[in-house]
Amino acid sequence: MSLKSQNPLIVQSDKTLLLEVESPFYESARDEISKFAELEKSLEYIHTFRISPISLWNAAASGMKGEDVMDVLRRYTRYPIPGNIEFEVNDYISRFGKLKLKRKEEKIFLESQDIALISEIWRNKKVKKHLTKRMEKTVLEVKPESRGEIKHVLIQIGHPVEDLAGYAEGEHYPITLLEKTKGGMPFSLRKYQREAVSVFYSNAGPTGGSGTVVLPCGAGKTMVGLGIMSLLSQNTLILCPNVIGVKQWIEEIRDKTTVKTEDVGEYTGEKKEIKPITITTYQVLTWRPKKDSEFPHFTLFQKRNWGLIVYDEVHLLPAPVFKVTANLQAKRRLGLTATLIREDGKEKDVFSLIGPKKYDISWKVLESQGWIATAECLEIRVDMTPDVKMNYSLVNERKRYRIAAENPIKYDIIKDIVNRHADDNILVIGMYLDQLRKVADIFKAHIITGKTPRRERERLYDSFKRGEIKLLILSKVANFALDLPDANVAIQISGTFGSRQEEAQRLGRILRPKKDGSIARFYSIVTRGTKDQDYAEKRQLFLTEQGYKYTIIDGTEFARRENSETK
Amino acid sequence: MKQNREIRERKKEISKASNLEKVFLSFILMNKGKIPAIKFKRIYLDRYSLWELQETEKKLVEKGLVVKSGEKTSKGLSYEVPRELIEVLSESFLSSPSDFDHIMQLEPSQVAPCGEYSILWYLWQMDSEYGFHLFRKKGEVGTQRISQKKIEELLATKSEETRFFISVYKALPALKSLSKRKYKKWSNVLISPHRFVKDIFKFTYDFLREGNELGREDVGKDNIEFFFDELSALDTGRWYSLDFFVSNARATLFLSNQPFRWIHFDEKNVWKILNQKLKVVGIVETFMENGDKKFFRLTKLGMYCLGEISESDLLEDMTSHMGKFMVHPNFEVTVVSNELDPRVLLELAMFSRPEKLDTMSVFRITKDTVGKGKRLGLTPSEMTAFLKERCKGGIPQNVEYSILDWSH
């Protein structure tokens, strides 16, 4: 067998790269390819990367040339490389660096040696509104507040900008990571966390400092944030999806860094502290007294000289924060997420305003290294009773999902699962409160919804963590920033339609590695042949593309097995 | 003389045509050499850009391979291949069926009805997503119940060979059911590809035996039988020169003291059968070196048609592609196109949807495609068995379960 035939890479004419996971050259090829292509899918046997203009411009920003990219492809490809690839790689890479954003005495300028290109940009209506004047034939002055927008627009028209204007340094605040947590446990960043920190920081050069780190749920994204904060040692503003997230950040900062307790501020509905390290929520930031009034809490961005803004669960970034972020291009910006997919398709906006994807690692790779728990996904398909079936067929499309999702047969299956996992820590997660309350009634279990007071929530979470409660019923509050390390079984009974990221986040609730190395089990109960099943298929797409397999079991069969095992 | 020179020149142009140009030409050919521009664009722009269309059109018109006729408005304009080039082009495409991979996404309604079995081969190549179809136009039969005889008439009007073909197929249950159903748009008959080829071969064989393809009408039957005996004695996959084959066959005749040693058996006629009758259906592959020295080889499919290997042997061969064929839990099937037997792709396309045709092609199985597979006559267990046989490490449980579930 020739060396070529053992090569792990297939280069497609649409610029996707398919990498064979079982090849002995997989790791070396993956490391090289990741420099200029983005990981798109991690199926069990094949990982798909995509070479995009942005990924090539990122590669160019780190000093790669077209020939370097082609060398890697030639080294690992199994089949001849399609003719268009070399042309397109060279073409895209050659565009990078033609336009530069530079800073001179607090003013920002767009420069290029190509007079025709500068003239074209000067005439372009979309770009021109971000420009003040043409200084010379090769220099345009940019409106100071438009630094983010102009980069976004120029990428849209195919002219990437090398942003050399640098970052405004924030107020210094020393942050060091502890080697032993305050809880007494040894602590250091894991290899992949160090890699993510290093790629983002980029030796404090202009190519680093803004971007998104994508890591699976339970893989320690907060630690990556802490690592970057410690390298920069500047005032930091952290945005979270909810108050529980704020509390968890505060807890981690106190436990694992030298930051003093009094220097960590909580800016939420309850408190409005502004400290060197301040943590807030998207909800507070986007609150306003009237629909058409200003967002009063946006002033938080100006309240201190922040050196870093961290966007936790960046895929949830609300539209108003997009806008304000566009004006923060002089600040270093870190996006953290497990699932950079938005059902509104605005992932690209995240890239252009927060920064491109800087680091990504497959869920299954971390699972194989033991950093996240091995999970078994099971879908249990149940039928409807004749009454429900009749009801389902009589209502309009919009109401059908709810009827199917609330199928009462699901309660029997939940009972079977709970019986099967009597010694485990179980979360039942759903969308419809009536349904969740019913489950809570059946098991006399505690339920947490958006209306549960924060203190009550914290008390219940703590009881669950201590093992006093073994079963917790959760509404959509469980979708994010919920750290229950010992939860090892999740039962999903209804969801937000076909939301892929919700499915992934819910699985994420049970992915913290278990002390005894046991596997986590993620059950979805789905009503057969209904909207519920259609949505389930869509919801599972992200996880299956991360290499997870769903086993589908018939509800009757599941109950039968359960009964025979019990006997 | 001048006209021949022109055709030769254009032949050269055809041989040098780019893939995009071939695609352009094939769309016109499928419509019997002339297609309204408006219809053409609808098909072409499904896969290619307007820029590619304009550039390719310009080049082909310059080369004289395409003529724009009719009014200059987009409604009245048509693309046409010069009549004298149609045969040359067909020849050229037949020599490289892989050129037709791109047509896999054509809708049946975009393919013109044809009668020639060589054209049926085109359709088989092109229309793999739908399995093999015989096409007929709505206008010709309306939505009335039609008799089998009527179908034969409709499909057999083009040539004698097609009539033979239909006579072979008239007993097929699929064709019978065709006559019993009402059709609003297009109708089809599904036949699995290798059986289809074998059946075509049967009637080709009968046709040859009855004819005088080898030059002597009085001994046509014996000639053909002897020719196929010699052919089936060859090793599969090995290239033979035509000279070797003919001289060897003659020597066999002489040595074995055959009663038919006086059979007329010359290179020209043998090549005619190989290149015009058998290559078309994939029984042999042919190759010409410097336009002069001729070679051919017998395919595995050819061995099956000649009765040298069983259907299970043939199908086993089709499954020996482990690692090149993967089914994933997200319902994607990835296949290394150029290392897989095209027949495997054709069968896969019967119950999946091609999403990307490239070095590694991607097909997707959905509820709808499983429904399509069922309509084309596949059972759910046949679909899962097909995947299991070829897929390294088996197929994901959720895919198998869903195929069975969707079929209910």
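Predicted model: local features only at pLDDT ≥ 70, side-chain atom pairs only at ≥ 80, totals over all residues.
Two strands count as paired if DSSP finds at least two bridges between them.

**Stop 1: strands 7 and 8 of chain B**

Select residues 325-327 of chain B, strand 7, together with strand 8, residues 332-336. The two strands run antiparallel and are joined by 3 bridges. Pick out B:V327 and follow its bridge to B:V333 in strand 8 of chain B. Between the strands lie 4 residues, and the whole forms a hairpin. In its turn, select B:F331, whose phi is positive, about 75°.

**Stop 2**

Opposite B:E332 you will find B:R364 of strand 10 of chain B. Is strand 8 of chain B mostly covered or mostly open? Of its 5 residues, 4 are buried, so it is mostly covered.

**Stop 3: helices 19 and 20 of chain B**

Now select residues 380-390 of chain B, which make up helix 19, and residues 397-406, which make up helix 20. Their axes lie 9 Å apart, at an angle of about 160°. Angles over 145 degrees count as roughly antiparallel, and these two helices are therefore roughly antiparallel to each other. The crossing is right-handed. To see the contact, show B:P380, B:M383 and B:T384 from helix 19 of chain B, then B:E400, B:I403 and B:L404 from helix 20 of chain B. By class, the contact has 4 nonpolar, 1 polar and 1 charged residues.

**Stop 4: where the chains meet**

Show both chains. On the chain B side, 13 residues are in contact with 17 residues of chain A. Helix 20 of chain B supplies the largest share of the chain B side, 3 residues. That side has 5 nonpolar, 6 polar and 2 charged residues.

**Stop 5: a sheet in chain A**

Move to chain A and find an open sheet of 5 strands, in the order 7-8-6-5-9, with mixed pairing. Strand 7 (131-136) and strand 9 (161-163) of chain A are at the edges; each has a single partner strand, so one side of each has no neighbour in the sheet. On average, neighbouring strands are turned by 30° against each other, direction ignored.

Within the sheet, select strand 5 (residues 99-104) and strand 6 (residues 107-111) of chain A, which run antiparallel and share 5 bridges. One pair to show is A:R103 with its bridge partner A:I108.

Notes: Residues numbered from 1 in each chain as written. Chains lettered and ligands numbered in written order. Contact = placed C-beta atoms within 7 Å. Nonpolar A, V, L, I, M, F, W, Y, C, P; charged D, E, K, R; others polar. Buried ≥ 20, exposed ≤ 12 C-beta atoms within 10 Å, placed from the backbone. Axes fitted to C-alpha atoms, helices over the stretch in contact; angles between N-to-C directions. Parallel < 35°, antiparallel > 145°, perpendicular 65-115°, else oblique. Left-handed = near helix turned anticlockwise from the far one by under 90°.
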